[in-house]
Amino acid sequence: MQSNKVYYQNKVVVLIYHHIDAKEEAGLVISPERFASELDMLLSRGYHVISLDQLHDFLKGGSVPDNAVLITFDDGYESIHQYALPELQKRHMPAVAFAIVKYVGQKLGNLQHYDWDAAREMATASLTTQSHTYNLHNFGFLADGKNGPLLNGPLKGQSLSDYRNMVYLDLKRSREEIESQLQQPVYALALPFGAAGPTAIQAAVDAGFKLIFTTRYGSVTRRSNPLALPRVNAGGPEITPDRLDALIKAVAGVNSHSQEQLKQPQNHHLIVASKKAKRI
C-alpha cells in the first residue's frame, strides 16, 4: 500500500546510479534485485519519481509533486537497458541516462555500453539519454600541475582559448549526436567526476546545455543554480532500501539531525573509464 505522507515539498532529490550487476561493488555497482527493491521502497513510501522535463519546468517556476525524486544513471552502460529499463517500466517511472557518447555501443574491458537502438527503446519508455560528454570523461595533466578531471582544465601547455574551444566542440558534438540519433532535445549534462571549472561550464552553456549536474550533496530547490545541480549516490551495495529512504529525507532536510551521519563524500565515484579497466 502506498503512503500518502508528505515528507517535503518544492524540492527534488536527484539520485545517481552507475552499473547494475550481480557482482556488487562498493559505491558504484548494485544488483538487479537491490535496484528493484529500492524502486519498490520509493513507491510504497510515497515518493514521486519525476522526469527531467519536470525538473526543468520546476527550475523555471513550475511545480513538482510532494516527495519528488529524479533517477539518473551515469556513463551509459548496457546494464541500464538490460536491468533498469524493465524495472522502471513496471512501475511507470521515468529516468535519465547520461551517456559518454563516444562509447555508445562499445565494450571497454568487460563493460558494455548501450547502443543507439537500446537508447531509442529506452526513450520510448521515458528513460531519456542526455550527455556525459562526447569524450572528456577522463583525467589529464592540468595547467596547475595537478592530475585532474579534464573539465577542470586547461591542460598543461594549452591556452585558455584552445581549452575552451576543445570543451565546446566536444560537448556540442555530444548534444548534436544524441539529438540526431534519438530525435529529442538534449539540454542536460552530467559532469564527469562531478567536477568542472568556470571555463568548461561556460563552454557547456555556449554548446546548448541548460542543466548541469554535479555530485555535490544536496537537494534541488527553485533557487538552485541550474548549472550546478546536486545529486546523491544511491547505487552502492551499502545502501539498503531503508537507508536510501533515510538518505533522501536527510538530504531534503526532513531529518536534519541525521544529515551529517548520512552525508556522502563528494568524490564517491572518481573512477576513470579506460579501455584497460576490467570493471568500473
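A residue is taken as buried when its relative accessible area is under 20%, and in this predicted model Ser174 therefore counts as buried, its relative accessible area being 0%. Ser174 lies in helix 5, which spans residues 160-182. When neighbours within four places in sequence are left aside, the contacts of Ser174 are with Val101, Ser131, Thr133, Tyr134 and Phe209. Ala99 stands 75 residues from Ser174 along the chain, yet the C-alpha atoms of the two residues are separated by 9.0 Å.

Helix 5 also packs against helix 6 (residues 198-206), with an angle of about 45° between the two and their axes 8 Å apart. Because angles from 65 to 115 degrees count as roughly perpendicular and those under 35 degrees as roughly parallel, this arrangement makes helix 5 oblique to helix 6. The crossing of helix 5 with helix 6 is right-handed. From helix 5 the contact draws on Leu160, Tyr163, Arg164, Val167, Tyr168 and Leu171, while helix 6 supplies Thr199, Ala200, Ala203, Ala204 and Asp206; eight of the residues in this contact are nonpolar, one is polar and two are charged.

The largest nonpolar core comprises 63 residues, among which Ile71, Phe73 and Leu88 touch the most other members. Helix 5 gives the most to this core, contributing six residues. Apart from residues up to four places away in sequence, Phe73 touches Tyr17, Ile20, Phe35, Ile80, Ala84, Leu88, Ala95, Val96, Ala97 and Phe98.

Methods
Residues are numbered from 1 along each chain as its sequence is written. This is a predicted model: local features need pLDDT of at least 70, side-chain atom pairs count only at pLDDT 80 or more; totals for chains, interfaces and linings use all residues. Side-chain values use heavy atoms; hydrogens and water are left out. Helices (H or I, at least four residues) and strands (E, at least two) are DSSP runs, numbered from the N terminus. Buried means under 20% relative accessible area, exposed over 50%, partly exposed in between (1.4 Å probe, protein chains only). Contact means heavy atoms within 4.5 Å. A nonpolar core is a set of buried Ala, Val, Leu, Ile, Met, Phe, Trp, Tyr and Cys residues joined through side-chain atoms within 4.5 Å. Axes are lines fitted to C-alpha atoms, for helices over the stretch in contact, and angles run from 0 to 180 degrees between N-to-C directions. Angles under 35 degrees count as roughly parallel, over 145 as roughly antiparallel, 65 to 115 as roughly perpendicular and the rest as oblique. A crossing is left-handed if the near helix is turned anticlockwise from the far one by less than a right angle, and right-handed if clockwise. Ala, Val, Leu, Ile, Met, Phe, Trp, Tyr, Cys and Pro count as nonpolar, Asp, Glu, Lys and Arg as charged, and the others, Gly among them, as polar.
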